[in-house]
Amino acid sequence: MADGPDPVRLIRTGGRPDAAPGFDRIAIIGLGLMGGSLALAARRAWPDARVSGGDRHDVLEAAMRLHAVVAGADDPVVAAEADLLVLAAPVAENARLVGELPALLAGNAIVTDLGSAKRVMVEAAIGMPERLTFIGGHPLAGAPRSGIEFARPDLFAGRPWILVPGTAPPDATLRLEAFVAGVGGVPRIMTAEQHDHLLAYLSHLPQLVVSALMQVIGEELGEDGLALSGRGLQDATRMASSPGSTWKDVYAANADEVATALETLCETLNRVRTRLDRGDVIAGLFESANYWRKALPE
């Protein structure tokens with residue numbers, strides 16, 4: 001890990017405020033797995049709240065069939081009267097949309113996002129008018145496959161949900177914490193820098209490594225060889241089903257942190273590669289891995 005404070009130790013656990021949403025009109029731009037699940041969770045938690053969505057026509061039709069939204073459009077104008085706007089598109093699209101919000105939103109609103117990179121979003125929100133409050137957000141939840149058809153209202157239940165308030169007023173942060181708790185998430189507060197460093201190791205590095213591993217094995221053995229694989233390989237490469245379209249913006253936005261994480265991993269692999277005949281080296285690696293694996297939450 002890079003020198004400096006351990007980002008995990010700087011995380012403040014958000015309180016669990018009253019579960020009232022504090023928002024009458026919730027708009028979600030992007031109704032894939034994350035946005036669709038949030039829409040379902042919000043409608044289940046607060047049936048009287050107006051939850052609308054923005055996405056392609058086919059996605060909106062699926063969302064309406066699932067009763068995830070009560071209204072939708074293929075244009076961000078659907079969010080014009082929202083008092084909470086959630087950006088659930090890919091990271092680059094979310095950052096682009098932030099620049100359009102002052103002309104799009106009619107009144108006061110809290111704006112958040114669900115993306116896996118935060119520095120780029122905080123930078124995009126600089127200069128936003130005072131009537132719009134941006135608070136970065138990232139629920140640490142997901143599934144190996146994306147799309148509205150895989151959305152479910154319990155996706156966030158018991159899962160950490162990182163919030164990056166920046167300079168947002170405390171009352172706005174508390175309102176968003178209450179919303180997150182209401183849909184089942186566990187609010188956590190940190191800076192954009194802490195988030196991007198943490199996620200480089202918790203999420204971005206593992207996804208890249210698993211995808212590379214699956215590519216190397218598949219191209220070497222082909223379908224005939226893979227037909228002989230067991231559950232171990234299937235379990236270890238589950239994340240390789242994730243679509244690249246979901247991840248390319250994340251790596252572009254967090255390239256420096258991911259590159260550092262990759263360098264650390266490559267150093268470890270190269271050290272092992274030149275000592276494969278050293279039982280103590282292999283045993284030490286496995287012992288350390290076993291120790292840290294037990295530290296993962298169940």
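Here is a walk through this structure, from its overall build down to a few single residues.

What you see is a predicted model, so local features need a pLDDT of at least 70 and side-chain atom pairs count only at pLDDT 80 or more, while totals for chains, interfaces and linings use all residues. Residues are numbered from 1 along each chain as its sequence is written, and side-chain values use heavy atoms, with hydrogens and water left out.

Let's start with the whole chain. Its secondary structure comes to 11 helices and 10 strands; helices (H or I, at least four residues) and strands (E, at least two) are DSSP runs, numbered from the N terminus. The C-alpha atoms fill a box of roughly 65 × 45 × 30 Å, taken along the principal axes. A compact globule with 298 residues would have a radius of gyration near 19 Å, and the chain's 21 Å agrees with that. That radius is taken over C-alpha atoms, and the globule rule is 2.2 Å times the number of residues to the power 0.38.

How much of the chain is buried? Buried residues make up 43% of the 298 residues, where buried means under 20% relative accessible area, exposed means over 50%, and partly exposed is in between (1.4 Å probe, protein chains only). As for contacts (heavy atoms within 4.5 Å), residues 24 or more positions apart account for 74% of those with a separation of 6 or more.

Now for the inside. A nonpolar core is a set of buried Ala, Val, Leu, Ile, Met, Phe, Trp, Tyr and Cys residues joined through side-chain atoms within 4.5 Å. The largest one here has 40 residues, and those touching the most other members are Ile 26, Ile 28, Leu 31, Leu 38, Leu 84, Trp 161 and Phe 179. Elements giving it two or more residues include β2 (25–29), α1 (33–45) and α6 (170–182). The largest share, 7 residues, comes from α1. A second, separate core of 21 residues includes Ala 27, Val 78, Leu 104 and Leu 132. Back in the largest core, pick out Leu 38. Not counting residues up to four places away in sequence, Leu 38 touches Ile 28, Val 86, Leu 114, Phe 156, Trp 161, Phe 179 and Val 183.

Phe 179 turns up again among the rings: ring pairs link Phe 23, Trp 46 and Phe 179 into a cluster. Rings of Phe, Tyr and Trp (its six-membered ring) pair if their centres lie within 6.5 Å; planes under 30 degrees apart count as stacked, over 60 as edge-to-face and the rest as tilted. The structure holds 5 aromatic pairs. One of them joins Tyr 291 and Trp 292 edge-to-face, at 4.9 Å centre to centre with 80° between the planes. Both Tyr 291 and Trp 292 are exposed.

Next, look at the strands. β9 and β10 pair in the parallel sense over 4 bridges; two strands pair if DSSP finds at least two bridges between them. Ile 162 stands opposite Arg 188 in β10. In a regular strand the side chains alternate between the two faces of the sheet. In β10 (residues 186–189), Pro 187 and Ile 189 form the covered face, while Val 186 and Arg 188 form the uncovered one.

Finally, visit two loops. Most residues other than glycine have a negative phi. His 67, though not a glycine, has a positive phi of about 60°. His 67 is found in the loop between α2 and β4 (71–73), and counts as exposed because its relative accessibility is 57%. Pro 47 is in the loop between α1 and β3 (50–54), and its 56% relative accessibility makes Pro 47 exposed too.
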